[in-house]
Amino acid sequence: MFEIKIKLDKKKAAPKKEKSQPSKVGKCIKETAKKLVPEPVKAFAREASEDIDAICERDPAVKSRTEAALLYSGFHAIMAYRVAHKLYENEHFTSARFVSQSARFLTGIEIHPGATIGKGLFIDHGSGVVIGETTIIGDNCTLYQGVTLGGTGKDTGKRHPTLGDNVMVGAGAKVLGNFTVGSNSKIAAGAVVLGPVPENCTAVGIPAHIVRKEGKKVDPIDLDQVHIPDPVSQELCNVNRRMLALEKKIAALEEKDDDSNE
């Protein structure tokens, strides 16, 4: 019997295909498409991307850029504002207000189209936020629900606050009037700010006062909840002192009358 041995060569690994380089035609098409897109549309897309970046950086609850773009009412309100603001700048005031009020109906956030807002604004939750006509907001600011950036009285011209860059305004805070909140400052939740706040400060209270500046406490906070002055009691004490003084005067006058009668 004959033994037949057959040798099988191992399959040679197929050479990796080199990534196909985009053709010149493809490059031309892309460049032509970019040129056809109007510059305002490009600017709008850049602003939208920056606003989504702000949400992803500052909200730990967000899971993806898609979620931020589709499901965040603050982002929708800002995008509507961008459109309304362009209309407002071109003096289409009624159309601008229509867009802003439609966004208010859908999101619960009212941004006047005349306001000036920088890039990277993050409105977290957003319900009840109001931003007035002459408000100026710098870059990378954060507003929480219930914030009001409003005016006082019926003044004309600049009557709303100006926020610097990287300002945080806590939930329910009210910033009312024509003054500046400096860059990198924080307004505590529920505070009512009626005057200017310097840079790198923290303001709390009603009316708000500065408690931190450059990361250091301005005044130690007194947490004594027992020995608190009672304004009503103080007024009663003042009245009592005055009554005693009047009683002494009356008694002295009565003594004089008695002496004169004798």
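Arg 82 is buried, with a relative accessible area of 7% (buried means under 20% relative accessible area, exposed over 50%, and partly exposed in between, using a 1.4 Å probe and protein chains only). Asp 51 forms a salt bridge with Arg 82, and the closest N and O atoms are 3.2 Å apart (a salt bridge is a side-chain nitrogen of Lys or Arg within 4 Å of a carboxyl oxygen of Asp or Glu). All of this comes from a predicted model, where local features need pLDDT of at least 70 and side-chain atom pairs count only at pLDDT 80 or more, while totals for chains, interfaces and linings use all residues. Residues are numbered from 1 along each chain as its sequence is written, and side-chain values use heavy atoms, with hydrogens and water left out.

**Salt bridges**

- Side chains of opposite charge can pair when their charged atoms come close.
- A search of the whole structure turns up five salt bridges.
- One of them brings the side chains of Glu 47 and Arg 82 together at 3.9 Å, N to O. Glu 47 sits in helix H2 and Arg 82 in helix H4, so this pair ties together parts that are 35 residues apart in sequence. (Helices are DSSP runs of H or I with at least four residues, strands are runs of E with at least two, and both are numbered from the N terminus.)
- Asp 51 lies in helix H2 and Arg 82 in helix H4, so the pair links parts that are 31 residues apart in sequence.
- As for burial, both Asp 51 and Arg 82 are buried, while Glu 47 counts as partly exposed at 28% relative accessibility.
- Elsewhere, the side chains of Arg 104 and Glu 110 meet in a salt bridge at 3.0 Å, N to O. Arg 104 is partly exposed at 41% relative accessibility, and Glu 110 is partly exposed at 22%.

**Helix H4**

- Helix H4 covers residues 73-89, 17 residues in total, and should span 24 Å at 1.5 Å a residue; its end C-alpha atoms are 24 Å apart, which agrees. (The expected span is 1.5 Å times one less than the number of residues.)
- The buried residues of H4 include Gly 74, Phe 75, Ile 78, Met 79, Tyr 81, Arg 82 and His 85.
- Among the elements covering those buried residues are helix H2 (39-58), helix H3 (65-71), helix H5 (93-107) and strand E1 (110-111), where contact means heavy atoms within 4.5 Å.
- Glu 91 follows H4 and has a positive phi, near 65°.

**Aromatic pair**

- A pair of aromatic rings is described by the distance of the centres and the angle of the planes.
- The count comes to one aromatic pair. (Rings of Phe, Tyr and Trp, the last by its six-membered ring, pair if their centres lie within 6.5 Å; planes under 30 degrees apart count as stacked, over 60 as edge-to-face and the rest as tilted.)
- Tyr 88 and Phe 93 make up that pair, edge-to-face, at 5.0 Å centre to centre with 65° between the planes.
- Phe 93 is partly exposed, with a relative accessible area of 42%.

**Sheets and a hairpin**

- An open sheet of five strands runs in the order E1-E4-E7-E10-E13, with parallel pairing. (Two strands pair if DSSP finds at least two bridges between them.) E1 and strand E13 (192-193) are its edge strands, each pairing on one side only.
- Within that order, strand E4 (residues 130-131) and strand E7 (residues 148-150) run parallel and are joined by two bridges; Val 130 stands opposite Thr 148 in E7.
- An open sheet of four strands has the order E2-E5-E8-E11, also with parallel pairing. E2 and strand E11 (180-181) stand at the edges with a single partner strand each, so one side of each has no neighbour in the sheet.
- Strand E14 (residues 201-204) and strand E15 (residues 209-213) pair in the antiparallel sense over four bridges, and Ala 203 has Ile 210 of E15 as its bridge partner.
- The hairpin of E14 and E15 has four residues between the strands, and Gly 205 there takes a positive phi near 100°.

**Cysteines**

- The disulfide count is zero (a disulfide is a pair of cysteine sulfur atoms within 2.5 Å).
- Cys 56 is partly exposed, with a relative accessible area of 31%, whereas Cys 201 is buried at 1% relative accessibility.
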